[in-house]
Amino acid sequence: ERERERAPNSMNTNPIRAVIWDMDGTLLDTEHLSLQIINEAVSHLGKTVDWNIHKKLIGLRADRWTRIVIEDLGIEGQLAPEELAQRWEQEMNSRAGTVGLLPGVLDLCQRFTDLGIPQAIATSSQQAVVEVKRRGHPELFAHMRHVVSGDMVARSKPFPDIFLEAARRLAIAPEHCLVFEDSVSGIAAATAGGMTPVAVPDPRMEAEPYLKAGAVTVLPGLPAFDLDGFRYEKPPSA
């Protein structure tokens, strides 16, 4: 198990007034289901997406990851990106209710709520998929003031648009936002937005790319998050 790894000069001097969460792979254990569905979609072509391909897809919108899958498997002309995306979305919608929460999620959300720190979700998923997951986990979404989905912004991660929109809706300046992410592109997006990113990647991922992208710490899981490692300040409007 990975020990907590910190970036150089990672001490955050700005008080945290809001928390923004990535959803898939950070709050919800969706990656195993996602990989299973992708492999079902390409199995008739005699192909399999392994970890080396799958790790490139984490945090990307469907219009980007489908092209990576097709190119890396060498199945151009046999399966269109749009068809793969449609199959994946249909199956994720139908099975999203089976996705569980990752360890430590509700405990940490509750602790931020108890501190009076508003929370939001910023996910690359489409709004229709988010709504299915919302119905499956009302206890999680009850902590969230806002949910910003990938179809609400023009540019996807690693551009900061989705995090900046979440901060705007929370009415909190980016430099006072703490972001939890499992993807390198998400960490890069939070960094580009001037926020404080905490990486909680799949344990098989190397920490270095996350630190290079701007993560102030790389955790083996949410239970390892040190709440006392940051200063918190309840916003006046909270």
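## Cysteines

Cys 177 is buried, with a relative accessible area of 0%. Its sulfur lies 15 Å from the closest cysteine sulfur, that of Cys 109, which is too far for a bond. This is a predicted model. A search of the whole structure finds zero disulfides. Cys 109 is likewise in no disulfide, and the nearest cysteine sulfur is the one in Cys 177, 15 Å away. Cys 109 is buried too, at 0% relative accessible area.

What would a disulfide be? A covalent bond between the sulfur atoms of two cysteines. The cut-off used here is 2.5 Å between the sulfur atoms.

## Overall build

The chain holds ten helices and seven strands. Its C-alpha trace spans about 55 × 35 × 30 Å along the principal axes. A compact globule of 238 residues would have a radius of gyration near 18 Å; the chain has 17 Å, which agrees.

Buried residues make up 53% of the 238 residues. Among contacts with a separation of 6 or more, 71% join residues 24 or more positions apart.

## Nonpolar cores

Nonpolar side chains tend to be buried together in soluble globular proteins. The largest nonpolar core in this chain has 46 residues. Those with the most contacts inside it are Trp 21, Leu 27, Phe 112, Leu 178, Phe 180, Val 198 and Phe 225. Helix H1 supplies the largest share of this core, five residues.

## Helix H6

Helix H6 covers residues 127-136. Val 129, Val 130, Val 132 and Lys 133 are buried in it. These residues cover an arc of only 160° around the axis, which puts them on the same side of H6. An α-helix has 3.6 residues a turn, so residues three or four places apart point the same way. The cover over the buried residues of H6 includes H4, helix H7 (138-141) and E4.

## Salt bridges

How many salt bridges does a search of the whole structure find? The count is 14. One of them pairs Glu 40 with Arg 95, with the closest N and O atoms 2.6 Å apart. Glu 40 lies in helix H1 (residues 31-42) and Arg 95 in helix H4 (residues 81-95), so the pair ties together parts that are 55 residues apart in sequence. Glu 40 is partly exposed, at 38% relative accessibility. Arg 95 is buried, with a relative accessible area of 19%. The limit for buried is under 20%.

Lys 56 and Asp 72 meet in a salt bridge of 2.7 Å, N to O. Lys 56 sits in helix H2 (residues 51-57) and Asp 72 in helix H3 (residues 62-73), so this pair ties together parts that are 16 residues apart in sequence. Lys 56 is partly exposed at 44%. Asp 72 is also partly exposed, at 34%. Asp 202 bridges to Arg 204, with the closest N and O atoms 3.0 Å apart.

## Backbone exceptions

Most residues other than glycine have a negative phi, and most peptide bonds are trans. Where does a cis peptide bond occur? It joins Lys 157 and Pro 158, with omega about 20°. Pro 158 lies in the loop between strand E4 (144-148) and helix H8 (161-170).

Ala 171 has a positive phi, near 60°. This residue is in the loop between H8 and strand E5 (177-181). Ala 171 is exposed, with a relative accessible area of 61%.

## A buried histidine

His 176 is in the loop between H8 and E5. Is His 176 buried or exposed? At 9% relative accessibility, His 176 counts as buried. Not counting residues up to four places away in sequence, His 176 touches Asn 14, Pro 15, Ile 16, Arg 17 and Ala 18.

Definitions and conventions: Residues numbered from 1 in each chain as written. Predicted model: local features only at pLDDT ≥ 70, side-chain atom pairs only at ≥ 80, totals over all residues. Heavy atoms only, no water. Salt bridge = Lys/Arg side-chain N within 4 Å of Asp/Glu carboxyl O. Helix = DSSP H or I, 4+ residues; strand = E, 2+ residues; numbered from the N terminus. Buried < 20%, exposed > 50% of the residue type's maximum accessible area, 1.4 Å probe, protein only. Core = buried A, V, L, I, M, F, W, Y, C linked by side-chain atoms within 4.5 Å. Contact = heavy atoms within 4.5 Å. Arc of directions from axis to C-beta. Rg over C-alpha atoms; globule rule 2.2 N^0.38 Å.
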